[in-house]
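A pair of aromatic rings is described by the distance of the centres and the angle of the planes.

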Amino acid sequence: MIKVSNVIKTFGSFRALDGLDINVEKGSIYGLVGPNGAGKTTIINHLTGVYLPDSGSVEIDGEPVWENSELKQKVLCINDEWFFYGSYTVKEMANLYESLYKNFNRERYEKLGEQLKIEENRQIRRLSKGMKKQVAFRIVLSCMPEVLILDEPLDGLDPVMRKQIMNVIIGDVADRGMTVLVSSHNLRELEDICDYVGIIHNGKMVIEKPLHDLKGNIQKIQVVFDGEFPEMLKAEAEILHTSKVGSVYTVIVKGTADEVTQKFRAYNPVIFDQVSLTLEEVFIYELGGLGYDFKNIMV
């Protein structure tokens, strides 16, 4: 559905995207993850037709995005600073979108209004950040997009409203086959909704996999040995991180669950337990291999 192939984009001497590839399947929710300055917003601006790549291609549903007005009827975006006209009320902004997007569904707009309960005659600029986000979701989702692109979409929303809006989006994916690409610093939220994850760094794709497979290649182990941690095991296993509390070692190690289990059990541990990894931990240890400075990671 979304295919980004070998995209390069430079601003002066700075190369924001350096041969970036992204593949998003139809009807999936794809989480785009990366540190500040990795190129997330830059590629989103390509997907929405704001930027033209220096080289490479950006396609949605097999069509190039750049200057494709018909395609843009199907692709909508909500970012951290959603655009609205300063003097417009909620109702006036909805009427503008209805005039621009032929698939705007007035019945859905009214139904979403029952959930969000924001006075339509209020000027959007006088609303709080969270209320502006609610208005954005109400209007954009009423356009019935085939592709929804979200850049830090839930910032400013309270936990209840976040859950409510994500449930609506998940429902659209299930019922209409809508495709969603979402970029967020909140990795815990991405973990709850995403089918696929792409981690980018310095304008390149580091790893792109289904979320389940991404977690499956890194294991978190809690282990106790009768004595010190075996030196031979350190050499045999691809250990990314080790910490110790009392006699319990917590080890992050690359490899499948079966591979790691076999290597560790060969040294007869007193206790051996596999612990679920979070997306945050996968992100940290994947980028750690590239020498990324963890203190700059926002979660």
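This is a predicted model: local features need pLDDT of at least 70, side-chain atom pairs count only at pLDDT 80 or more; totals for chains, interfaces and linings use all residues.

With ring centres required to lie within 6.5 Å, the count comes to eleven aromatic pairs. One of these joins Phe-225 and Phe-229, and because the planes of the two rings stand at 75 degrees, with the centres 5.3 Å apart, the pair is edge-to-face. Phe-225 is buried at a relative accessible area of 8%, and Phe-229, with 6% relative accessibility, likewise counts as buried.

Phe-229 also pairs with Tyr-249, and here too the planes meet at 75 degrees, with the centres 5.2 Å apart, so this pair is edge-to-face. Since Phe-229 belongs to the loop between β11 (218-224) and α9 (231-236), whereas Tyr-249 belongs to strand β13 (residues 248-254), the pair ties together parts that are 20 residues apart in sequence. Both Phe-229 and Tyr-249 are buried.

| Ring pair | Distance of centres | Angle of planes |
|---|---|---|
| Phe-225 and Phe-229 | 5.3 Å | 75 degrees |
| Phe-229 and Tyr-249 | 5.2 Å | 75 degrees |

Phe-225, Phe-229 and Tyr-249 are among the members of one aromatic cluster, which also includes Phe-264 and Phe-272.

Which residue has its charged end over the ring of Tyr-51? That residue is Lys-9, whose charged end sits 5.6 Å from the centre of the Tyr-51 ring. In a further case, Arg-138 lies over the face of Tyr-109, at 3.7 Å from the ring centre.

Methods:
Residues are numbered from 1 along each chain as its sequence is written. Side-chain values use heavy atoms; hydrogens and water are left out. Rings of Phe, Tyr and Trp (its six-membered ring) pair if their centres lie within 6.5 Å; planes under 30 degrees apart count as stacked, over 60 as edge-to-face and the rest as tilted. Buried means under 20% relative accessible area, exposed over 50%, partly exposed in between (1.4 Å probe, protein chains only). Helices (H or I, at least four residues) and strands (E, at least two) are DSSP runs, numbered from the N terminus. A charge sits over a ring if NZ of Lys or CZ of Arg is within 6 Å of the ring centre and within 35 degrees of the ring normal.
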